[in-house]
Amino acid sequence: MKKLPFSLVVLSLFSGLLSAQNPDPEVEKKAAELLQSMTIQEKIGQLCQVNGAYGGIPEELGKQVREGRAGSILNEVDTKTLNELQRIAVEESRLGIPLIFARDVIHGFRTILPIPLGQAATWNPELVERGAHIAAVEAASAGLHWTFAPMIDICRDPRWGRIAESLGEDPFLASELGVAMVRGFQGESLADKGAIAACAKHFVGYGAAEGGRDYNSANIPENELYNIYLPPFKACADAGVATFMPTFNDVNGVPASGNPFLFRKVLREDWGFNGFVVSDWESVRQLTVHGVAADNKEAARQATLAGIDMEMASTTYADHLLELVEQGAVPEAVVDEAVRNILRVKLQLGLFEHPYTDPSDFPALANDAHRAVAEQAALQSCVLLRNDGQALPLEAGKLQRLALIGPLADDPYEQLGTWIFDGDPQHTVTPLAALRTALGDKASVQFVKALETSRSRSQAAFPDAVRAAREADAVVLFLGEESILSGEAHSRAHLGLPGAQLELIKAVAETGKPIITVVMAGRPLALGPALEYSDALLFAWHPGTMGGPAIARLLLGLESPSGKLPVTFPTTAGQIPMYYNHKNTGKPATEESYIHIDDIPVRAPQTSVGNTSYYLDAGYKPLFPFGFGLSYSQFEYRNLRLREPAVSPGDTLVVMVELANTGNYEAEEVAQLYIRDVVSSIARPVKELKGFQRIRLKPGESRTATFHLPTEHLAYYYPGKGWMAEPGQFEIFVGGDSDTGFKVSCEIR
Ligand code: GLC
């Protein structure tokens, strides 16, 4: 039987109380009074989250609530049922403690925004915050109090299906956008109407699942843990996120749901987090499956001592915690602390004063204002990856016949993406519908689905597609992945376009018409073969309810694409992991050093001299780098300079660059600032994102962008030493992606 260092538990309880972020005395007093009046059974009841019955109240569920054996219900969204469950809790249970109702509102409730990976491509915290706010208002109008979002797992592996709900590969971008989502969900105060509690998940390292295979082990060395995977969670904890959720994985061999280092040491003792922690679905019981707990009782003991306050779906707390407390295996003080954490959030939400929901107090679901935010998010999420010969934008004035071909041009459900429990395809506007509306009688829009789904292999309808292409002035292919091919438990070993989609592109390309390809997917895809036949390629992720109008505006040039990749696109799955903030290694590849597999002389002798790091058959460069995205216009960076060439710790480095729109379109550019510590006591990445600005310029207009970089942002976590910005030379890069840009050097004294 594993023994948890008691000192760790006691210390974290004590420090959690002392270092609680801005404790509200009134809330603490009320929580303490409630706690004192509770029986141990009622305390344990608060730690149990029960799955709803999707619109009804089975007798056992009603009884659980009435007897105070449930503290939270998830997955119930029928307002009448929620109010009745709450009535039972508040009016029929002994202490009348309200329930907290939860649901995965990951990228929208009824109005569906682009998948989070698509929202990350906007590089627009303010817009992401607005999106989370409308999601919160819609969820709250149904009677929900809590969402299990933002998901801020850093991911460098597009095989992993949940990359779709992540904010990409970079800790700085994921921190900025994760905090924006927390602000959007929680507002200024959790008690505000339309505010719901957010949840930072999945703590920590879910995106590092080995092989990109969901739920697999995550082995993360200390330097990567602190420099890559923890920062977004620390940022959300500092931003006041109300709850945390553990990852399913074992992290360095210790499953997160039984991992006191994560939840007692890092989260409570180091960060002073004072919200509460909910397990993932049955992740407490799964400690027996991981093989670290002999039975459910031991799983309950490990999880409570490790700092998992509330158990989702499995019932080890309900079944064994009383006995564990009576036996002294779990101090009642540990249970008290968990209950206090939960009561604190319920009090902050105002559930005691306002336990019930009247939807008429809220704006209508999927109203025009909400759809407008969703459209703007979709517009700014689309990334233009290729545009040879200015194939885009389409010139509506010259367009007479437009052919839309492919399984994703008119699929209201698939374009919503994964994790859209409460989305409604009825509200979706597809690209076909939007283009027909936009073009009106100015041009005909012919649609040939050609493939029933993204996985279809039948080419029977290809002749219809080829015919439509021949008759058209312009051809737009809508390809990619059905939404179910990404998301939880849906990892892929291959990243190509599924089914016979590549064959479809080839067949249509034989007409000789310019091919414009729009890809909807939940992950980066190996687009190389598709690009061979595409004059232009727009990557739209799964763009949500209003993806159609957004894509139509971009294709017709009413807006220029402005999205930038939040994740590297590898040429093939074999390159993974491939990410921009890699170490230089001692033998980095160069154009000169790379030899393609076909170019190796027959019987070339084995050498150990002059070798460098690359794949014989896949090189060393991604298909598209992190931060990449084209525009219809062109931007020039000029006159990169520092206010001071050298700064001391505690100063702020001021970086200025002139950005000019030298093209013919009004457009937005995301100027990105990266740093590099040239010499460091451990190898640091060749680039680290530390700032970005989305700037809109008219043709010919230019503007000076100024970045303020506190020296602590130059810091790095050194195992065994902590965070430091070591003195010495740093390089500062500013440009339109992680691979280009101008460089200037500065000195930390
Ligand atoms: C799922 C997911 C988690 C989600 C929870 C409730 O398995 O891992 O992200 O919030 O269960 O649906």
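**Charge pairs and a patch**

Modeller: Glu668 and Arg694 meet in a salt bridge through their side chains, at 2.8 Å from N to O. The pair links distant parts of the chain, 26 residues apart. Glu668 sits in strand β20 (residues 667-677) and Arg694 in strand β21 (residues 688-697). Bear in mind that this is a predicted model.

Biologist: Are Glu668 and Arg694 buried or exposed?

Modeller: Both Glu668 and Arg694 are buried.

Biologist: How many salt bridges does the structure hold?

Modeller: It holds 50.

Biologist: Which residues are linked with Arg66 in a network of salt bridges?

Modeller: Glu84, Arg87, Glu91 and Glu92 are linked with Arg66 in that network. Take Glu92 and Arg66: their closest N and O atoms are 2.5 Å apart. That pair also links distant parts of the chain, with Glu92 in helix α5 (residues 79-92) and Arg66 in helix α4 (residues 59-66).

Biologist: What is the accessibility of Glu92 and Arg66?

Modeller: Glu92 is partly exposed, at a relative accessible area of 32%. Arg66 is partly exposed too, at 37%.

Biologist: And Glu91, which residue does it form a salt bridge with?

Modeller: Arg87, with the closest N and O atoms 3.8 Å apart. Glu91 counts as exposed because its relative accessibility is 51%. Arg87 has 24%, so it counts as partly exposed.

Biologist: Switching to Asp214. Where is it found?

Modeller: In the loop between β5 (199-203) and α9 (222-229). Asp214 is buried yet has no salt bridge.

Biologist: What is the nearest side chain of opposite charge to Asp214, and how far away is it?

Modeller: Arg162, 4.9 Å away. A salt bridge needs the nitrogen within 4 Å of a carboxyl oxygen.

Biologist: Then what does the Asp214 side chain make a polar contact with?

Modeller: The side chain of Tyr206, at 2.8 Å. Leaving out residues up to four places away in sequence, Asp214 touches Trp160, Arg162, Tyr206, Glu488, Ala489 and Ser491.

Biologist: Now the surface. Which residues make the nonpolar patch?

Modeller: Ile595, Ile597, Ile600 and Leu616 make a nonpolar surface patch of about 290 Å².

Biologist: Where is Leu616 found, and why does it count as partly exposed?

Modeller: Leu616 is in the loop between α21 (547-555) and β17 (635-642). It counts as partly exposed because its relative accessibility is 37%.

Note on methods: Residues are numbered from 1 along each chain as its sequence is written. This is a predicted model: local features need pLDDT of at least 70, side-chain atom pairs count only at pLDDT 80 or more; totals for chains, interfaces and linings use all residues. Side-chain values use heavy atoms; hydrogens and water are left out. Helices (H or I, at least four residues) and strands (E, at least two) are DSSP runs, numbered from the N terminus. Buried means under 20% relative accessible area, exposed over 50%, partly exposed in between (1.4 Å probe, protein chains only). Lys and Arg count as positive and Asp and Glu as negative; His and the chain ends are not counted. A polar contact is a pair of N or O atoms within 3.5 Å; within protein, one must be able to donate a hydrogen and the other to accept it, and residues adjacent in sequence count only if both atoms are side-chain atoms. Contact means heavy atoms within 4.5 Å. Patches are made of residues with over 30% relative accessible area and no salt bridge: like charges are joined within 9 Å, nonpolar side chains (Val, Leu, Ile, Met, Phe, Trp, Tyr) within 5 Å. Accessible areas come from the Shrake-Rupley method with a 1.4 Å probe; for residues, only the protein chains shown count as cover.
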